[in-house]
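Good morning, and thank you for the time.

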Amino acid sequence: MKYALLIYAAPDARAGTPEPGGEVIDSWFDYTAALSGAGAVLGAEQLRAADTATTVQLRGGERLLTDGPFIETKEHLLGFYLLDVPDLDAALDWAARMPIMRYGSVEVRPVEEGQAWRGPM
C-alpha cells in the first residue's frame, strides 16, 4: 500500500537543536538509505521555503495569485516521501524514524490508488 509521509516544521524550529549541520544531513542520508535498502521508497523531494510558493485560485473566471502559502500556519510543508509498504503500521514506523521528529512532525496519509484521472499519465 502506498503512503505519503508529509514533513512539517515551523520555520525556526531547528534553531533550538544543538546538532552541527553535518550530523543533521548525515541523519537524513542514513534515513533515506534505510528506506531505499528496504525497497520502500518510491520517491522523495525537499521543497523550497514556503515564502517561495505561489498559491493559485480561480474566482469568477479570474486567476488570482498569492505569494506564499494561502493558509497561515505555524508549520510549513517541507517535503515528502512516497512509500510502498505493507500497511499503515509500517508507514507509521518509518515516520517515527524520520530525523525531523527532533523538531517537527510527519503526517502519514494513504494514497488513493486506481483512480481514473491517472489514465492520461
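What follows is a short account of this model. It is a predicted model, in which local features need pLDDT of at least 70 and side-chain atom pairs count only at pLDDT 80 or more, while totals for chains, interfaces and linings use all residues. Residues are numbered from 1 along each chain as its sequence is written, and side-chain values use heavy atoms, with hydrogens and water left out.

I begin with the pocket. The largest pocket has a volume of about 710 Å³. A pocket here is an open set of points on a 1 Å grid where a 1.4 Å probe fits, with protein on both sides within 12 Å along at least five of seven lines; lining residues have an atom within 4 Å of a point. Its lining comprises 26 residues, and Trp28, Gln46, Leu78, Ile100 and Tyr103 lie nearest its centre. At least two lining residues come from each of β1 (2-9), α1 (21-37), β2 (41-46) and β5 (76-84). By class, 18 lining residues are nonpolar, 4 are polar and 4 are charged.

I turn now to the surface. Leu47, Leu77 and Phe80 together form a nonpolar patch with about 210 Å² of accessible area. Leu47 sits in the loop between β2 and β3 (54-59). Is Leu47 exposed or partly exposed? Leu47 is partly exposed, because its relative accessible area is 35%, and that term covers values between the limits for buried (under 20%) and exposed (over 50%).

Finally, Asp67 belongs to strand β4 (residues 62-67). Asp67 is exposed, at 69% relative accessible area.

Notes: Grid points are joined across faces, edges and corners, and a volume is the space filled by probe spheres set on the points. Helices (H or I, at least four residues) and strands (E, at least two) are DSSP runs, numbered from the N terminus. Ala, Val, Leu, Ile, Met, Phe, Trp, Tyr, Cys and Pro count as nonpolar, Asp, Glu, Lys and Arg as charged, and the others, Gly among them, as polar. Patches are made of residues with over 30% relative accessible area and no salt bridge: like charges are joined within 9 Å, nonpolar side chains (Val, Leu, Ile, Met, Phe, Trp, Tyr) within 5 Å. Accessible areas come from the Shrake-Rupley method with a 1.4 Å probe; for residues, only the protein chains shown count as cover. A salt bridge is a side-chain nitrogen of Lys or Arg within 4 Å of a carboxyl oxygen of Asp or Glu. Buried means under 20% relative accessible area, exposed over 50%, partly exposed in between (1.4 Å probe, protein chains only).
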